[in-house]
Amino acid sequence: AYERRFPTCPLIPMFVASDTVNEYKSEDGAIHVIERRCKLDIDAPRLLKKIAGVDYVYFVQKNSLNRRERTLHIEAYNETFSNRVIINEHCCYTVHPDNEDWTCFEQSASLDIKSFFGFESTVEKIAMKQYTSNIKKGKEIIEYYLKQLEEEGITFVPRWTPPVACKLESSTSHTRRPVSPAINIPDSATKEGLNNKEILNTSSSPSEPTAGTPDDKLDADYIKRYLGDLTPMQESCLIRLRQWLQETHKGKIPKDEHILRFLRARDFNIDKAREILCQSLTWRKQHQVDYILDTWNPPQVLQDYYAGGWHHHDKDGRPLYVLRLGQMDTKGLVRALGEEALLRYVLSINEEGLRRCEENTKVFGRPISSWTCLVDLEGLNMRHLWRPGVKALLRIIEVVEANYPETLGRLLILRAPRVFPVLWTLVSPFIDDNTRKKFLIYAGNDYQGPGGLLDYIDKEIIPDFLGGECMCEVPEGGLVPKSLYRTAEELENEDVKLWTETIYQSASVFKGAPHEVLIQIVDASSVITWDFDVCKGDIVFNIFHSKRAPQPPKKDSLGAHSITSPGGNNVQLIDKVWQLGRDYSMVESPLICKEGESVQGSHVTRWPGFYILQWKFHSMPACATTNLPRVDDVLASLQVSSHKCKVMYYTEVIGSEDFRGSMTSLESSHSGFSQLSAATTSSSQSHSSSMISR
């Protein structure tokens, strides 16, 4: 059937013609190699063809048929522009090792564009478009010629056998394999593979046993009870991957259900599934994740302020996890616990989810391998878009996606406010496509209507805060008291690290010795963002710009002060001889920040060069009518020992396009955030920082 597409194929319009260049046949007829020169009319802009000086491109295709091994290898490469563009393609038809009535098809290709008259990007897009189109037509074309053969009365092709002389010589060492029936491709065949791998099931009956030993198959009752519907190919992949783990992996072998999750995550491509599974097993062993439920107790802060918990099950029997994200103080949790504890808590939730799936499988008598997550966004506001918090969330998603694939059966997002699209824009690129398809998003009270919550959860267990009758014991969250916040040094001293870096840095600010951070900007209109807390004392925050780089930063010895800073560093960049207005300029108005305040802001840069963020000690002004300080000033100065302040800060530079897109969305929804100041402990400071960002 494949050979019938030559010398040209009406189903491939760009395949104009082909000529045979070389051909070889072995004496026994087992090997047939044919090399053709194929003429293609690529669907490319006329202007590009004119610039390139060609109307057609030529490829060389070599087909190697081995009837003895029952394989067909197809290799192709471009002859036209081979010094500028290198294209290699390889296809292979083989007999499946576990069932000789299955034909496997695999296809791969590579593209390397060295140069193409300045149109490299265009050529790449054209090549990808053509290749994708050909992949989609592959099954359609082979079916077309199979049907053509059947119409001609050819429904059976006998298996190759060696000539009589060869047969006599090899009869003592070889046995003849049974003849396969004619190939029949069912409609469901293409649904079982990715990476352009198709399994062509050729069994004459679905109940016909597959070839192989009893160890090559799983018990049907076991599959139905614990694994769910599996095709013979999927079953074979599971067995092969499990056997490989038993032979090579030193340590605990995961259960079949867990192996199956990794196979499903990679559409049963064994090589890809094995790679991510091995990485996950190594990660679990390194961080003792298997014992996290028995050995790790969540801090009290999490138990009090993390607004999430398990709540019965959905209509499909999946465990139901409820998360009241809108009521949760993400910034407070990150500041009080650090990313480390938050990640560990999320991992414990996932481990508990795996345990509950096993329990529900036993309770309901059918395989349950995933859970449903209900996320209530009532109360979501700008506080939740705090960039370090979002960054921590993305890193948690990355770890969970890599180690708990196919565990989320459905995600119900309820009462999504107008700010939600901004958060979704930031988070969605990090979520796997298969996972994203499981998301259902409801705005306002839409979840109460048709197609809403009642389609997925029984009325009796809908939580009370969503208008149901079931009391939900999930904590209500709320603001984490700032007294529970910890310094970067304290967070750095955690016993076991799942991550090696921390978001925040701490710095000490002294009278006469500000702390300064240098940020080099190459492209104008980049955006500098910051978030900092004043842990001790009052400071003045400044932003400066200079066309020339300051001297390398020096750790300040503080000269006469002779004060060391065990809890943070102090770096000064602006040289004493520099003059404001000549050597550097101020790009934002100074901002006075009081002890205990949190400040977030951003600055859109107007020029490239060097920007300096400065935290400076704030001296109390003297009384206007006399040179004597006020009593309140004296008392305040006594509270700041040795004229020392302390800040914890985080800065980042982001592209202007991404930032402006987000800002446009935020500004258009500004009226929806009237409750922001009421939910923030330092509303006046939030206003000040937003003024800076403007």
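Q: Which residue in E21 is the bridge partner of aspartate 531?
A: Glutamine 600 is the partner of aspartate 531 in E21. This is a predicted model, so pairings like this one are computed from predicted coordinates.

Q: And in E23, what is the bridge partner of aspartate 531?
A: In E23 the partner is tyrosine 650.

Q: How many bridges does E15 make with E23, and in which sense do they pair?
A: Nine bridges, antiparallel, between E15 (residues 527-536) and E23 (residues 644-654).

Q: How many bridges join E15 to E21?
A: Seven, and those two strands also run antiparallel.

Q: What is the strand order of the sheet?
A: The order is E13-E23-E15-E21, an open sheet of four strands with antiparallel pairing. On average, neighbouring strands are turned by 30° against each other, with direction ignored.

Q: Which helices pack on that sheet?
A: Helix H10 (residues 330-364) packs on the sheet and touches E15, E21 and E23, with its direction at about 60° to that of E15. Helix H11 (residues 387-403) also packs there, touching E15 and E23, and makes about 60° with the direction of E23.

Q: Is E21 mostly covered or mostly open?
A: Mostly covered: five of the seven residues of E21 are buried.

Q: Back to H10. Which strands does H10 lie across?
A: H10 lies across E8, E9 and E10, and runs at about 10° to E8.

Q: What sheet are E8, E9 and E10 in?
A: They belong to an open sheet of five strands, ordered E8-E9-E10-E11-E12, with mixed pairing. The edges are strand E8 (308-313) and strand E12 (439-443), each of which pairs on one side only. Neighbouring strands there are turned by 20° on average, again ignoring direction.

Q: Do E9 and E10 run parallel or antiparallel?
A: Parallel, joined by four bridges. Valine 322 has leucine 374 as its bridge partner in E10, and leucine 323 has valine 375.

Q: Is E10 buried or exposed?
A: Six of the six residues of E10 (residues 371-376) are buried, so the strand is largely enclosed by the rest of the structure.

Q: Which residues sit on each side of E10?
A: Trp371, Cys373 and Val375 are on one side, and Thr372, Leu374 and Asp376 are on the other. Both faces are covered, as these residues are all buried.

Q: Glutamate 351, then. Where does glutamate 351 lie?
A: Glutamate 351 is in helix H10.

Q: Is glutamate 351 buried or exposed?
A: Glutamate 351 is buried, because its relative accessible area is 9% and the cut-off for buried is under 20%.

Q: What does glutamate 351 touch?
A: Leaving out residues up to four places away in sequence, glutamate 351 touches Arg284, Val289, Ile292, Leu293 and Tyr404.

Q: Changing topic: at what angle do H4 and H6 pack?
A: At about 75°, with the axes of helix H4 (residues 220-227) and helix H6 (residues 256-265) 11 Å apart. That makes H4 roughly perpendicular to H6.

Q: Which residues meet there?
A: From H4, Tyr222, Tyr226 and Leu227; from H6, Asp256, Glu257, Leu260 and Arg264. By class, the contact of H4 with H6 has four nonpolar, no polar and three charged residues.

Q: What are the overall numbers for the chain?
A: The protein chain has 17 helices and 23 strands. Of its 694 residues, 45% are buried. Among contacts between residues at least 6 apart in sequence, 74% join residues at least 24 apart.

Q: What is the mean pLDDT?
A: The mean for the protein chain is 77, and 77% of residues reach 70 or more.

Q: Where is confidence lowest, and where highest?
A: Helix H17 (residues 683-693) is lowest, at a mean of 33, and strand E9 (residues 319-323) is highest, at 95.

Q: Which stretches stay under 50?
A: Residues 495-502 do, with 20 contacts beyond four places in sequence in the model. Residues 658-694 do as well, with 50 such contacts.

Q: What should I make of contacts like those?
A: Where pLDDT is low, the predicted coordinates should not be read in detail.

Technical notes
Residues numbered from 1 in each chain as written. Predicted model: local features only at pLDDT ≥ 70, side-chain atom pairs only at ≥ 80, totals over all residues. Heavy atoms only, no water. Pairing = 2+ DSSP bridges. Axes fitted to C-alpha atoms, helices over the stretch in contact; angles between N-to-C directions. Contact = heavy atoms within 4.5 Å. pLDDT = per-residue confidence, 0-100. Parallel < 35°, antiparallel > 145°, perpendicular 65-115°, else oblique. Nonpolar A, V, L, I, M, F, W, Y, C, P; charged D, E, K, R; others polar. Buried < 20%, exposed > 50% of the residue type's maximum accessible area, 1.4 Å probe, protein only.
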